[in-house]
Amino acid sequence: MLRAGLILRPKNPCPCRHHFDCKRVCYHGASAAQYAAQGARLPARILNGNAIRDQIYSELSGEIAALSASGIRPGLAAVLVGENPASKIYVSSKIAATEKLGLASFNITPPATISTSELLAIVEDLNRRDDIDGILVQLPLPSQIDAKEILEAVDPAKDVDGFHPLNVGRLVAGRPNLVACTPLGVMEILRRSEVPIEGANAAVLGRSDIVGKPMALLLMHANATVTVCHSKTRNLRETVRRADIVIAAMGRTAMVTPDYIASGATVIDVGINRITDVAQTESIFANLPERLASFRAKGSAVVGDVHPDVANIAGAITPVPGGVGPLTIAMLMSNTVRAARLRRGARISAAARS
């Protein structure tokens, strides 16, 4: 008889090797009935961000078609300052999403030497343009630019990143308009995966303005009991281990190890960290030979803030990549469509009456 909590291991490796990229349920060589009879846990359910993104895109397509019938094509302007490689990849993926959905996209690429006043002039021009419903200023900005001044200059009605103080204040008051995309995407993952939020204990690891703070507010508005953890939190492991839902957004590679997680908890990994150190990678992927082989072939790998072995403890978990990332872009598209609908509501109503 196996003890409760023991993970069954087959004589031959599981065909999927690991669960982060596997799209089917795997019981490591034992049937679900055997697991239940023996009192052992099933592997964590993988919360597939790509599949949820596709659901949202399908729904958005209907909204976009309705706007088009009213003569409206939502438009998103992306401002990318300089030649930051990671930023270029992020903006390209966002522009690709607008094209897939049939939204208008505008890519503004001022040089890295631009001043705050010059960038403000660009933002003010975008604010005035009626064909642009959403403005995205890609962060980080060069050091000579006052990033807060730039973000606060964006018209709140076009602030599809949800960073403007007015939109943050509306979220605090429980009257959200445009909300930061990553936390909004996390809520979509939880709800569409039917993870109970109301009454749950939730731990948010990280207190950034972009993820941690709005994430905590969204969970509180959904009636979860929320603890916000950070670098100064005492007894961090014990605090996180009490949570039913864990949102990891501290930007620290594989920091959340299995001893942080209660058996059966839902774990959402917001982190995206690129690693190149061989010893570090061998330690993180010790139980994932395919991920380790991929690293050796490419010389790098992408890892979240959650250690992969947490999949042996959690009840549900998001993979990295393929978890929260696709939802961040999906919610940017959703915010752009929402901004277009809110900004041009009178025109839509008039078209509907005619």
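The structure is a predicted model, in which local features need pLDDT of at least 70 and side-chain atom pairs count only at pLDDT 80 or more, while totals for chains, interfaces and linings use all residues. Residues are numbered from 1 along each chain as its sequence is written, and side-chain values use heavy atoms, with hydrogens and water left out.

Of the 354 residues of the protein, 49% count as buried. The protein contains 13 helices and eleven strands, taken as DSSP runs numbered from the N terminus (helices H or I, at least four residues; strands E, at least two). Contact denotes heavy atoms within 4.5 Å. Among contacts between residues at least 6 apart in sequence, 71% join residues at least 24 apart.

Nonpolar cores were defined as sets of buried Ala, Val, Leu, Ile, Met, Phe, Trp, Tyr and Cys residues joined through side-chain atoms within 4.5 Å. The largest such core has 57 residues, and those with the most contacts inside it are Leu190, Leu219, Ile247 and Met333. At least two residues of this core are supplied by each of α2 (49–69), β2 (75–79), α3 (85–101), α7 (181–192), β5 (201–205), α8 (212–221), β7 (245–248) and α12 (324–343). Helix α12 gives the most to this core, with ten residues. Leaving aside neighbours within four places in sequence, leucine 219 is in contact with Met187, Leu190, Ile197, Ala202, Val204, Ala224, Val226 and Ile247. Another core, of 20 residues, lies apart from the largest one; Val240, Val246, Ala311 and Ala314 are among its members.

Serine 263 is found in the loop between β7 and β8 (266–269). Serine 263 counts as exposed because its relative accessibility is 54%. The C-alpha atoms of serine 263 and alanine 314 are 5.6 Å apart in space, although 51 residues separate the two in sequence.

An open sheet is formed by three strands in the order β3-β2-β4, with parallel pairing; two strands pair if DSSP finds at least two bridges between them. Strands β3 (104–108) and β4 (134–137) stand at the edges, each with a single partner strand, so one side of each has no neighbour in the sheet. Direction ignored, neighbouring strands of this sheet are turned by 15° against each other on average. Five bridges join β2 to β3, and the bridge partner of alanine 77 in β3 is phenylalanine 106.

Helix α4 (residues 116–128) lies across β2, β3 and β4 and runs at about 160° to β4; axes are lines fitted to C-alpha atoms, for helices over the stretch in contact, with angles from 0 to 180 degrees between N-to-C directions. Threonine 116 belongs to helix α4 and counts as buried because its relative accessibility is 15%. Not counting residues up to four places away in sequence, threonine 116 touches Gln144, Ile145, Asp146, Glu149 and Ile150.

Pockets were located on a 1 Å grid over the protein atoms alone, as open sets of points where a 1.4 Å probe fits, with protein on both sides within 12 Å along at least five of seven lines; lining residues have an atom within 4 Å of a point. The largest pocket has a volume of about 1500 Å³, volume being the space filled by probe spheres set on the points, which are joined across faces, edges and corners. Of the 45 residues that line the largest pocket, Tyr90, Thr182, Val270, Ile272 and Thr328 are the closest to its centre. The elements that give two or more residues to this lining are α2, α3, β4, α7, β9 (273–275) and α12, and α3 gives the most, with eight residues.

Key. Buried < 20%, exposed > 50% of the residue type's maximum accessible area, 1.4 Å probe, protein only.
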